[in-house]
Amino acid sequence: MAVQQNKVSKSRRNNRRAHDALVAGNPNECTNCGELKRPHHVCPSCGHYADKEIVAMADEIELDEDAA
Ligand SMILES: [Zn+2]
């Protein structure tokens with residue numbers, strides 16, 4: 001393992017980390033429902049991509065207590 005030759009000062013370390021901040025994503029508006037979505041991804045709220053329905057969204061999920 002490589003071992004550093006000199007102590008890195010707090011200033012130098014912090015200066016190096018000045019560029020490490022995470023940047024926020026760049027969401028697009030869905031053309032179908034207007035919800036914010038990740039670019040080049042299917043809209044998570046309506047399942048559309050490029051004005052086509054890719055994933056059918058279930059309206060309701062019936063949770064029947066007596067079933068099973
Ligand atoms: Zn949508």
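## First stop: His-48

Select His-48, which is buried at a relative accessible area of 16%; buried means under 20% relative accessible area, exposed over 50%, and partly exposed in between, with a 1.4 Å probe and protein chains only. The model is a predicted one, in which local features need pLDDT of at least 70 and side-chain atom pairs count only at pLDDT 80 or more, while totals for chains, interfaces and linings use all residues. Residues are numbered from 1 along each chain as its sequence is written, and side-chain values use heavy atoms, with hydrogens and water left out.

His-48 belongs to strand β3, residues 48-49. Helices (H or I, at least four residues) and strands (E, at least two) are DSSP runs, numbered from the N terminus.

Next, display the neighbours of His-48. Leaving aside residues up to four places away in sequence, His-48 touches Asn-32, Val-42, Cys-43, Glu-53 and Ile-54, where contact means heavy atoms within 4.5 Å.

Select His-40, in the loop between β2 (36-37) and β3. His-40 is exposed, with a relative accessible area of 69%. Its phi is positive, about 65°, although His-40 is not a glycine.

Then move to Asp-51, in the loop between β3 and β4 (52-53). Asp-51 counts as exposed at 58% relative accessibility. Its phi is near 65°, a positive value in a residue other than glycine.

## Third stop: the whole chain

Now zoom out. How many helices and strands does the chain have? The chain has one helix and four strands, and from the N terminus on the elements run α-β-β-β-β. The radius of gyration is 24 Å, well over the 11 Å that the globule rule gives for 68 residues, so the chain is more spread out than a compact globule. This radius is taken over C-alpha atoms, and the globule rule is 2.2 Å times the number of residues to the power 0.38. Along the principal axes, the C-alpha atoms fill a box of roughly 65 × 40 × 20 Å. Of the 68 residues, 9% count as buried.
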